[in-house]
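Student: I have a structure open and would like to go through some of the terms used for it. Could we take them one at a time?

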Amino acid sequence: MTAMTTTAPVITGWSAISPFGPDGRAFAGGIREGRRTRARVDPADWPVPDEHACLVPGFDVTEALGAKGTRTMNRATGLTVAAVGQLLGHEKPTARVSEGTAFALGTTTGSAQSMMDFTRQSFVNERPYLVEPALVPYGVMNVTAARCAIWHGLKGPNTTIATGRPAGISALRYAGRLLATGRAERALAGAVEEYSVSRSWLHHHGKEGNGGTLGEGVAIFMVEPATSAARPLATLLATEFRTCVDGDFGTVVRMAIRAALARAGLPGADVYLASPSGASGAAGQAERAALAEVTSEAAISRVPELAELIADAGAASSALQVAAVLSVAEATPAAGKTAVITSVDPDGAVACALLRLEDSDPGPAGSLDG
Amino acid sequence: MNRSDASRVVITGLGIISSIGIGIPEFVESLRSGRSGAKPITSFDTTGYDYSNGCEIVDFDPARWIKEVPIAELGRTSQFSVAAARMAVEDAGLSVDQLRSARCHISIGTTDGESRDLDHLTETQVRSGWEALDPVVSRRATANLLPVAIAREFGLTQAETTTIATACSAGNYSIGNGFDAIRVGDADIALCGGADAVCRKTFTAFYRLGTIAPDCCRPFDRDRRGILTGEGAGVLILERLESAIARGATIYAEVLGYGLTCDAYHPVAPEPASVARCMALALRDADVKPDEVDLISAHGTGTKANDVTEVRAIREVFGDSVPRTISLKSMLGHTMGAASALAAIACSLAITHRFIPPTINHRVTDPECPIDCVPNASVAADLRIVQNNGLAFGGNNAVVVLSRYDEEAR
């Protein structure tokens, strides 16, 4: 059996493509400015019920990645392939590095757009099976992580985790487990959500018109053992998951935060940065109140509330919250202080991540001068 | 190297929803007698396809198993998940109070999530426009609900819920995730497995790729023509050995280890070197040598590409002394995210009931697949170590190694 380690893993780099712009630098800038990105949706591009959305500005898969291998690639996959590329830079991995690099990617349900586009062809085409074969992989939820593996040569454990809004924290936890059990030497972990016509309509009907504005984006982190040579930005001290089964999100969020703090032996009052997920409706309100109660309003006030800036980014929201905390930490002397990120999905999943901020120097991938 | 008792993880409960049996007794009898789940698909309109057999479940009554969550709030895959979880919990002899006071880890693997619902929503959109979508179906048509529905059914506030969406190996991924969650101390009890429902999307995808068999699934056969899409769910209860002993639980098998690799090669075609590396990693994790493996439960889809590639990879690891290698998909069809979970359950039951389930529909073994696939009739066997393979689109390979539970640590 493989060797087990108990040291908390560290985050040594990150990248993000978001409504703030095409890279981590744009994201960090948008966070520090507290810039709102809500904009009118062009109905010519997006025949959706939404008037507004928070989209990655000008993102086009083929423009971002070139024409080769992108003809049928969906938006979530394009965003993720690009973000992983920014994080890895021009690294050409050796076989050993390639096999030792895991990838854990969070999502809600893959690309509803790709799945429905595929089935639509079966209903409208001359024969029900005369569908575009190149679309087949995109109708399966693991396509994004798998395409990234092919594009970037990642042969380690490759896992798609569909836990909805907390999926970014799920991916970090999963990556930590892979490192703790010796299944990978390092792991890319993050989450993605695309804006699409299908997601917009499903959201519209599912929330009966009260779902709030949708956003999109991706954030990817490099997670390594604490013994890694790379300089850590943060240590992942603890992650906790709970499930709200009775609608009382406040109680469950408090349980999750307290459990994470207890794992690290820290009092809540010492938490320096706190980021709630800003889920819509009562779940989000209860989450924020619980976070303020266990940590402090001051801690929450130090991190711009992401959902107010980029709306509901689905599974990407929790990953982008972690990126927001790192962006704030980069601009302030925060080394040694702690941060709590919470996420709730109105369907029931509740997550909390506790980070110790380590260093503010390297900045996000994709920065020109960082 | 002996594993200390504290880190040994065993299987103490099984929940089965399948086209060849719901629940352990019927499933065991079907595995032993080599029953086929194949029949014409009825869950969607198959007009225009030249052939359309599948392995659907026609006698599933959700109300028999789902007591707390309103059934209308659950798509068919979530219903399968909750039903299989209920069955596994009852089989393990765990009370709801015991579950609630434990730290539970729930991992459900899936290929399609609630694609059956997405198919219906797409059909509505095509015929009547986006405005006409049903709110209840729109809300439930998402993959993250599969494990959340289980937590809701039992009131498991302390549960970590995870949907593993790694396509056709997702069941094995989930078993591995539950195994690690227990070993690193994140959980006391894991409910893990996989679930999927037959849907037009996936049938059409495989049909378009020329990989749906016209009649039945014949793994490793010279004349094999492909898969039949199937459905169902398998959920396993995992816990520490010491907890199982303390409860006096029935132990079906021990999870010795698992391996994961990614081909990083092709969107749909498997790559033998990566599949072989996955098996080698799993055996190393389990501290098992290839010659100690008594049985391989292959991914064995019955497509031209899979079977030759998989057997080549098996021979790369096992050399010329390949253990008997069966495909449960010959009976169950390809149940997608449920496939490797149902196969792991079948392996556990094969260990417990001392027989090897057959590869049915077999006529002439393909010379390119030189293995003993235990054709058509089960055989009695005293199995100690069984390897369960899972391969997937995107090259997401996952292999789990199980053993008969012996009091002495291996």
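This is a predicted model: local features need pLDDT of at least 70, side-chain atom pairs count only at pLDDT 80 or more; totals for chains, interfaces and linings use all residues.

Tutor: Begin where α3(A) ends: A:G89 follows the helix and has a positive phi, near 65°.

Student: What makes the span of helix α3 of chain A close to the expected one?

Tutor: Helix α3 of chain A covers residues 75-88, which is 14 residues. The expected span is 1.5 Å times one less than the number of residues.

Student: Why is α3(A) called largely enclosed?

Tutor: A residue is buried if 20 or more other C-beta atoms lie within 10 Å of its own. In α3(A), 14 of the 14 residues are buried, so the rest of the structure largely encloses this helix.

Student: Which domains is chain B divided into?

Tutor: Chain B has domain 1 (9-247) and domain 2 (257-403). Their centres, taken over C-alpha atoms, are separated by 20 Å. The contact between them takes 61 residues from domain 1 of chain B and 58 residues from domain 2 of chain B.

Student: Which element gives the most to the side of domain 1 of chain B that touches domain 2 of chain B?

Tutor: That is α7(B), with 8 residues.

Key: Residues are numbered from 1 along each chain as its sequence is written. Chains are lettered from A and ligands numbered from 1 in the order in which they are written. Helices (H or I, at least four residues) and strands (E, at least two) are DSSP runs, numbered from the N terminus. A residue is buried if 20 or more other C-beta atoms lie within 10 Å of its own, exposed if 12 or fewer, and partly exposed in between; C-beta atoms are placed from the backbone. Domain bounds come from an automatic or database domain assignment. Two residues are in contact if their C-beta atoms, placed from the backbone, lie within 7 Å.
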